[in-house]
Amino acid sequence: MSDEHTKGHANTTGEFKSAAQRAGATIQDTASKIGAETAELGEQVYEQGARGARYVSKNVEAQPLAALAIVGAIGFVLGFLVGRDGHRAHRR
């Protein structure tokens, strides 16, 4: 191989290496940004969940019988739906 060919090959290899390093840095930067945004979103979801739990707790304390009736109705409907699916499975 000639010196020019060897230099050209080394040049191309260096360019590929440089491009790969830039791509790696970009990927790391993007991953860091996504991680920070995900953490912030997680905190927001947690805060909203905590507010919802306080709201429900406050209403259950104020009207325990109504809350019990609502939970019982939800349980009844879910039980009915699950039972219906079970009957379908036995018919097949």
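I looked up aspartate 29 to begin with and found it partly exposed, at a relative accessible area of 40%, where partly exposed lies between buried, under 20% relative accessible area, and exposed, over 50%, with a 1.4 Å probe and protein chains only. I note that this is a predicted model, in which local features need pLDDT of at least 70 and side-chain atom pairs count only at pLDDT 80 or more, while totals for chains, interfaces and linings use all residues. Residues are numbered from 1 along each chain as its sequence is written, and side-chain values use heavy atoms, with hydrogens and water left out.

I then asked what aspartate 29 meets, and found a salt bridge to the side chain of lysine 33 at 3.4 Å, N to O, the term being kept for a side-chain nitrogen of Lys or Arg within 4 Å of a carboxyl oxygen of Asp or Glu. The count of salt bridges comes to 1. Both residues lie in helix α1, 4 residues apart, or about one turn of the helix.

I looked up the fold and recorded 2 helices and 0 strands, read as DSSP runs numbered from the N terminus (helices H or I, at least four residues; strands E, at least two). Of the 92 residues, 1% count as buried.

Phe80 belongs to a nonpolar surface patch with Ile70, Ile74, Phe76, Val77, Leu78 and Leu81.

Definitions and conventions. Patches are made of residues with over 30% relative accessible area and no salt bridge: like charges are joined within 9 Å, nonpolar side chains (Val, Leu, Ile, Met, Phe, Trp, Tyr) within 5 Å. Accessible areas come from the Shrake-Rupley method with a 1.4 Å probe; for residues, only the protein chains shown count as cover.
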